[in-house]
Amino acid sequence: MRTYTVGETLLVTEFENLGALNAGMLRDYVRASLKPGHRCIEVDLSQATFVDSEGLGALISAHKAMAQCGGIVRIKGAVPMVRELFRLTRLDQLFEFSPD
Amino acid sequence: MSTFLSRPGRHLVVAFPPDLAAVRDASRQVRLFLEQQGVIENESAGWELVCAEAGNNAVQHVRAEALDKKVEFLVGVAQDRVDLQVVDHTAGFDMEASPELPDDPLAEHGRGLFLMHSLTDGVNYLRGTNENRLMLWRRRAVQDASRTALSGDVEAAALESTLQTMTEELAGCYESLSAIFRFTAELNRGAQDAEFTQRWLGELAQVTGAEWYVFRLAENPMGWLTSAACSREGCVLAPIPLISENRDSVEARAAGGRQDMWFDGSAPLLPGDSLATFGRPLSGLCHPIFVGGTLLGTLAIGRSTTLPAFTAGQVNIIHTFADFLGIQLRNARIQIEYVQGQVLTRELEIAANIQRSLLPMRLPEPSGFHLAGFSRSASKVGGDFFDAITLDDGSVVLAIADVMGKGVPAALFAATFRSYFRARPDLGLHPELLLSWLNRRLHDDLDRVDMFVTAQIVHIDVVNRTIQVAAAGHCPLVCAGLDGIAVEVAPEGLPLGIAALTEYSCMSFRLPPGSRMLMLTDGIVEARNPAGQLLGYEPVKDLLQRAAAAGQPSDSIQSELLALVDAYRCGLEPHDDLTYLLVSETVPVGVKPA
């Protein structure tokens, strides 16, 4: 997992799954990397074939951090099975989605 | 589950230590295995997620003393379904039938159970003292026509596993049901509560292999847990207060927390717990029994061992037996209350009949006078009473009394008063002496039950037209004559039953011509209107004055009097008995009495 900034966007990328094992890591990375100028966190899930409820919790945490400064969280490249998980938990209404 | 585990190749068993990395690996293994068995990718991925959610819970909530125990995934694939069992060593939880998403969409936790339910067709959860077993299954969307012989074996193994589990559950259900049928029949034959409870719990101990039990009843939801049945014959444990600070007792904690409490070698009873009477070590659980949301009692049951006492299936049987016992005892209580209510109603009816029979069937008819009496109780059985007797010389003695209170005790004292009143007609010529004598007879009995009687006794010499009145704390009588003057006559005197040696005074007067005299109880003058005001004496005196002046017969005076009281109450229920004796001179108006 790594993070870097492009303009007003904090990119989070390079992980194969987002679950109980690394959800805490995502929270820490976002907390450490987020700067006042950021208006968007883009989480690249294109390589992730597995997301669980703990991973969703970490994404919600990122959403709450961005919502405080009027920003958003964008989910990039979610595979259909992962996209289905967002729909099932009705979190597809909380995040913005973009293709690869 | 021994059959399931002893046949490699027909299923997948993954056992792993309680850490999150192991859960991730094990979940992935399950997914790969399912894909190898021809389960389509979406479904295999769903099962991977289910395993991860269940495994994460098993790791995050593992009991401290079970860190060396492994979590297990047992997977079986059949032609039309996939089964998964997850064995964990947590304290367990109460499984909701249909878990919902968190109310707060921004909650960061609380979606795991919802996902497990959403991704499967059936979930069952057996909670035991040493382990819990989460059982899930889902129909397969696509049948794989090219299944190999191996997959057929796997299907058979999964089926056998499912059957094994079902057999275990059914055996427990059979034990429970057969006991329920047998004991229900016994209850219908009128078995006593205590005996039934003892035998029922003995049966439970036999079915589950328990070595001891204590059943306690909650005296009231905020009161005490009292010992109602115990496996040790003749053993009566001290009551336990049901207060939230009571942390010593596992039974009080189970009742207060509304959930099962387990104890064993790794989570022993606290030093002050009364269950320690069964010795140490002890292992078991305490189940709070609620019927209709109300705490009925607790059942503590277990074995003398440090090891966990019961399997998940046995815990289910304990729950079934305990909850059935609760329902039966509640039904028995309702039945007893109903019967007691019926008995009380019948007793009141009998008392009311006795009281009615005390009132004279016919009143004396002294020359030149007409007597009328009436009594109406505010409750089924009242404490008001009147009587009248004719003496040998043709004079009459009238008595009216009001026993403090209502119901059966008041009726009993009214009956006693009547017996004594009729026992001494020789004292009728001197009402004050008769009252003193009555007081001495009744005092001790009344004093013992903190009751008293107000009474008024009147002697009428019909020849000389003289009246003698004595009263024991009773309200004044009212007398009016043709002259249009109404007076209240109220000699002083303590009520009967207050002081044993009370002496009473007597007032004498001549009856005015055309007199109308009313002896009454306070139910008339203390009748209340909706504003709470008392009727008082004035309207009664006005009524009597008019009646005397007009020579009104007693029938119409009575109907006017009752109408006066009822109209004043404006339909309110009477709060006190209403009783009177009316004496009317029958000499026609305009005729000078002799």
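Reader: Which residue of strand 3 of chain B stands opposite Val75(B)?
Author: This is a predicted model, in which local features need pLDDT of at least 70 and side-chain atom pairs count only at pLDDT 80 or more, while totals for chains, interfaces and linings use all residues. Residues are numbered from 1 along each chain as its sequence is written, chains are lettered from A and ligands numbered from 1 in the order in which they are written, and side-chain values use heavy atoms, with hydrogens and water left out. Strand 2 (residues 71-77) and strand 3 (residues 81-88) of chain B pair in the antiparallel sense over six bridges; strands are DSSP runs of E of at least two residues, helices are runs of H or I of at least four, both numbered from the N terminus, and two strands pair if DSSP finds at least two bridges between them. In strand 3 of chain B, the residue opposite Val75(B) is Leu84(B).

Reader: Which strands stand at the edges of the five-stranded open sheet in chain B?
Author: The strand order in chain B is 1-2-3-5-4, with antiparallel pairing. An edge strand here has a single partner, so one of its sides is left without a neighbour in the sheet; in chain B this applies to strand 1 (12-16) and strand 4 (122-127).

Reader: What is the average twist from one strand to the next in this open sheet of chain B, with order 1-2-3-5-4?
Author: Axes are lines fitted to C-alpha atoms, for helices over the stretch in contact, and angles run from 0 to 180 degrees between N-to-C directions. For the sheet with order 1-2-3-5-4 in chain B, the twist averages 10 degrees.

Reader: At about what angle to strand 5 of chain B does helix 3 of that chain run?
Author: Helix 3 (residues 41-60) of chain B lies across strand 2, strand 3 and strand 5 (132-139) of chain B. To strand 5 of chain B, the helix runs at about 165 degrees.

Reader: Which residue is the bridge partner of Ile41(A) in strand 6 of chain A?
Author: Strand 4 (residues 40-44) and strand 6 (residues 72-76) of chain A pair in the parallel sense over five bridges. In strand 6 of chain A, the partner of Ile41(A) is Val73(A).

Reader: What area is buried between chain B and chain A?
Author: Contact (heavy atoms within 4.5 Å) links 26 residues of chain B with 22 residues of chain A. Buried area is the accessible area (1.4 Å probe) that two parts lose on being put together, summed over both. Carbon and sulfur atoms give 63% of the total, which is about 1900 Å².

Reader: Which residues of chain B lose the most area to chain A?
Author: Three residues together account for 30% of what that side buries. They are Arg24(B), Leu106(B) and Glu108(B).

Reader: Which residue of chain A meets Glu108(B) in a salt bridge?
Author: A salt bridge is a side-chain nitrogen of Lys or Arg within 4 Å of a carboxyl oxygen of Asp or Glu, and chains B and A share two of them. Glu108(B) is in the loop between strand 3 and helix 4 of chain B. At 3.0 Å, N to O, its salt-bridge partner is Lys64(A).

Reader: Which element gives the most residues to the side of chain B that touches chain A?
Author: Two or more residues each come from helix 2 (20-36), helix 3 and helix 4 (112-118) of chain B. With nine residues, the most come from helix 3 of chain B.

Reader: Which residue is joined to Arg280(B) by a cis peptide bond?
Author: Omega of this bond is about 0 degrees. In the loop between strand 9 (261-263) and strand 10 (283-291) of chain B, the residue joined to Arg280(B) is Pro281(B).
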